[in-house]
Amino acid sequence: MRKLLEIALGVLTAIGGFVDIGDLVASTETGARFGLGLAWVVVVGVLGIIVYAEMAGRVASVSGRAVFDLVRERLGAGVGLLNLAASFFITLLTLAAEIGGVALSLQLATSVNYLLFVPIVGLLVWLVCWRVRFELMDNAVGLLGLALIVVAVAVWRAHPDWGAMLHSATHPVVPGTESHAAYWYFAIALLGSAMTPYEVFFFSSGAVEQRWTRSDLLVNRLNVYIGFPLGGLLALALMVAAALVLEPRGIDPSHLSQAALPTSLVLGKLGLALALLGFFACTSGAALETALSCGYSIAQYFGWPWGKLIKPARAPRFQLIVLVSIALGAGLVLTTLDPIKLTEYAIVLSAAALPLTYLPLLIVANDPAYLGDKVNSRLSNAIASAYLVVLVVASVATVPLMVVSKAGGG
Amino acid sequence: MNQRHHRHAWVRQRSRLAQAVGLGLVALIATAGCTGPVRSDGVYASKAAATAEAAASAVETAQLAVQEAAAGELFGRSLAQTLAEAASDAGDAQATFDAIQPPDRRSKVLRGQLDRLLTPAASVLADLRIAARWGDTAALPRLAAPLPKLAEEFQRFEEACR
């Protein structure tokens with residue numbers, strides 16, 4: 001019974017913790033501009049993260065070691081450093097975007113300028129990373145993030161024409177007002193937001209923090225196979241809500257407030273309150289995850305003691321990296337760089353760096369020295385390899401599309 | 001010795017190339033969303049259309065927010081924030097467009113036409129922002145009355161420019 005509860009909690013946390021500022025921005029913006037013409041990318045992205053997160057969780061459960069630790073050992077310091085540099089830069093940008101997202105959620109609830117919240121948010125993120133137990137932190141923000149289900153309820157209560165929606169999702173077209181370059185630019189942004197590198201590092205490091213073993217492989221699979229697709233449905237709900245309410249009015253969202261308007265239109269103040277709670281929880285959760293991921297990646301690469309299970313005094317370098325990363329992230333937002341624009345750049349650049357993150361993981365997951373009989377099956381290798389091809393194509397196309405489409409502007 | 005010298009030179013050359021490529025990429029990314037100089041009336045017209053589209057989006061956002069506020073579906077602070085952002089978006093769109101030098105007389109006429117829409121839109125959105133900040137939600141529908149016509153005109157202007 002206790003195991004069952006543990007599994008249910010893990011799945012619920014995976015659902016609530018799936019969406020972050022990248023999904024909020026990318027799903028709402030694409031829904032408002034392209035209707036459901038890019039819904040297929042959410043499906044592709046969620047399947048991709050399922051394949052690789054399962055691999056990361058399995059590697060951590062069987063070997064008892066996290067991804068970066070093994071990547072450096074298996075592929076050498078040079079390749080490991082390349083992997084680290086690309087992933088750390090993207091994770092740091094994402095951390096800044098998440099801190100900005102938390103501050104914007106608070107601004108929307110209080111109408112006080114978000115910049116005033118940024119130092120407070122940074123301080124709170126650091127305090128939670130430093131003092132709060134891993135399970136408590138992970139479960140609390142994950143469960144609060146479930147408030148975002150209100151967006152799916154709003155879509156359902158809006159009584160859309162489901163047949164027409166399914167048709168537009170399965171027969172994607174580029175709207176006449178949009179260019180093909182902008183369509184593919186946003187496709188890459190959606191892919192980047194679904195498969196952002198920190199998710200894999202946090203998932204595998206979290207498995208080590210929670211002392212997963214071979215006996216937890218089922219928990220790993222259930223979290224990934226049930227939690228992630230249901231979390232992906234929340235991202236899809238945001239897109240559908242925007243397609244139903246914002247697209248017909250020609251609203252091109254550039255603020256978090258516009259992402260909440262469809263929910264409040266259908267469900268009123270209660271819906272709005274839950275949506276704001278959901279925005280706050282999912283950005284807070286992701287801010288914590290990205291801050292810890294910055295510390296995890298560098299400490300694991302250099303072989304320093306890391307994690308929340310050990311006292312901060314025994315992992316000073318890990319704690320210092322987390323602190324410095326939070327300060328840098330908050331500092332970047334305090335330059336008054338628009339957090340929504342920052343998010344857009346973070347997810348698009350994340351897509352450009354994806355092969356560097358996922359190829360080493362695929363190599364490690366095929367090494368019997370670490371995984372014994374739990375190495376990848378032929379099927380999972382085939383799917384993962386197909387994804388790598390997609391990721392390489394997306395990675396190569398990112399910067400040219402960014403320039404041609406003027407960063408999605410036209 | 002000679003071999004080592006060649007190797008060092010090759011490493012230095014490669015590192016310079018990597019630096020140049022890196023700097024080039026950063027410059028490309030940094031300028032990807034920037035407004036460049038305009039040399040033809042066609043490009044100027046497309047910028048005018050994009051400005052009209054951005055202003056229409058702000059106007060429609062304000063309309064939706066006022067509609068929700070009238071139905072009691074928005075909290076006062078969220079309403080004030082949404083309207084402040086809409087006003088700021090319209091103002092930014094106008095400021096960015098007005099900063100572009102029209103390349104010829106035809107473009108200057110176009111600039112005048114768009115400004116005749118942007119100025120009243122910015123003014124209405126500013127009035128809405130002020131009323132929302134004062135908590136005067138009852139006045140919002142009256143203040144927002146010109147918005148549907150402005151939204152239509154922005155749309156017509158945009159279609160004509162595309």
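The structure is a predicted model, in which local features need pLDDT of at least 70, side-chain atom pairs count only at pLDDT 80 or more, and totals for chains, interfaces and linings use all residues. Residues are numbered from 1 along each chain as its sequence is written, while chains are lettered from A and ligands numbered from 1 in the order in which they are written.

A nonpolar core is a set of buried Ala, Val, Leu, Ile, Met, Phe, Trp, Tyr and Cys residues joined through C-beta atoms within 7 Å. A residue is buried if 20 or more other C-beta atoms lie within 10 Å of its own, exposed if 12 or fewer, and partly exposed in between, with C-beta atoms placed from the backbone. The largest such core has 195 residues, and I99(A), A55(B), A62(B) and L128(B) have the most contacts inside it. Helix α12 (residues 256-302) of chain A gives the most to this core, with 25 residues. Leaving aside residues up to four places away in sequence, A55(B) touches A90(B), A93(B), L118(B), A121(B) and F154(B); contact requires C-beta atoms, placed from the backbone, within 7 Å.

Helix α12(A) also meets helix α5 (residues 114-131) of chain A: the axes come within 10 Å and cross at roughly 65°. Axes are lines fitted to C-alpha atoms, for helices over the stretch in contact, and angles run from 0 to 180 degrees between N-to-C directions. V125(A), V128(A) and C129(A) of α5(A) meet A287(A), L288(A), A291(A) and L292(A) of α12(A). The residues of this contact divide into 7 nonpolar, no polar and no charged.

Between the chains, 23 residues of chain B are in contact with 26 residues of chain A. On the side of chain B that touches chain A, α2(B) gives the most, with 8 residues.

Two loop residues of chain A have positive phi values. H159(A), in the loop between α7 (149-157) and α8 (162-170), has phi near 50°; H159(A) counts as exposed because it has 9 C-beta neighbours inside 10 Å. For R211(A), phi is near 55°, and the residue is found in the loop between α10 (197-209) and α11 (217-245).

Notes: Helices (H or I, at least four residues) and strands (E, at least two) are DSSP runs, numbered from the N terminus. Two residues are in contact if their C-beta atoms, placed from the backbone, lie within 7 Å. Ala, Val, Leu, Ile, Met, Phe, Trp, Tyr, Cys and Pro count as nonpolar, Asp, Glu, Lys and Arg as charged, and the others, Gly among them, as polar.
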